[in-house]
Amino acid sequence: MTTAIDYYFTSLSPYVYLGHSTFTSLANKHNTTIHYKPIKLAKLFAELGVLPVKQRLQARQDYRLIELSRWSKKRHLPLNLQPAFFPADPSLADRCAIALQQAGQDVSEFLGHVLAACWVQDQNIADETVIRQILTSLNVDTDSIVQQALSSEIDEIYEVNTIEAIEKGLLGVPTYVYQNEPFWGQDRLDLLNDKLSE
């Protein structure tokens, strides 16, 4: 029986931010390993014909903000609906998450800090200085992780994760895949909990 969850995400997503703590707590409760799989969301969106947020119909943009506000209250998490640096390039943060996992380090705390940097603290997660500060605060070898994150090996894993997401028919992030069953969106975590409880 599968005892791991594949966690498809990108470090820039507000929905990943809103669900991250709840998801990791859920995985811990069920003693389930998390495989962190950051993806190039723009590539997945292009494959699906999904427009970037700021190119969508205004009504959809407006409703997105309503839903984000609702979930922020439900999760008891602060959320800046109009962060100073959105959109920003999440690739360095995503690649550092891969490098941390490859090094056997905890990814959860790093990702939590990166998400909060964007959605709470108005920091630019595309700025290497910001990412280095987060890594340093976690007492990891910052230079080594950043160097590894910028390597072709990590970029290949990043690309493979993205291709996997496309081939599995995933629709966005976060998506949690357990026993080959996808749960798309942080609002599906109750259903994931039901599945893990079977």
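Trainee: Which residue stands opposite Thr33 in E2?

Mentor: Ala4 stands opposite Thr33 in E2. This is a predicted model, in which local features need pLDDT of at least 70, side-chain atom pairs count only at pLDDT 80 or more, and totals for chains, interfaces and linings use all residues. Residues are numbered from 1 along each chain as its sequence is written, and side-chain values use heavy atoms, with hydrogens and water left out.

Trainee: How many bridges join strand E1 to strand E2?

Mentor: Strands pair if DSSP finds at least two bridges between them. Helices (H or I, at least four residues) and strands (E, at least two) are DSSP runs, numbered from the N terminus. Here six bridges join E1 (residues 4-9) to E2 (residues 33-38), and the two strands run parallel. With helix H1 (residues 14-29), E1 and E2 make a right-handed β-α-β unit; right-handed means that, with the strands pointing away from the viewer, the path from the first strand over the helix to the second runs clockwise.

Trainee: At what angle do helices H2 and H8 pack?

Mentor: Axes are lines fitted to C-alpha atoms, for helices over the stretch in contact, and angles run from 0 to 180 degrees between N-to-C directions. H2 (residues 41-48) and H8 (residues 152-167) pack at about 30 degrees, with their axes 9 Å apart. The two helices are therefore roughly parallel, a term for angles under 35 degrees.

Trainee: Which residues of H2 meet H8?

Mentor: Contact means heavy atoms within 4.5 Å. Lys43, Leu44 and Glu47 in H2 meet Glu159, Thr162, Ala165 and Ile166 in H8.

Methods. Parallel < 35°, antiparallel > 145°, perpendicular 65-115°, else oblique.
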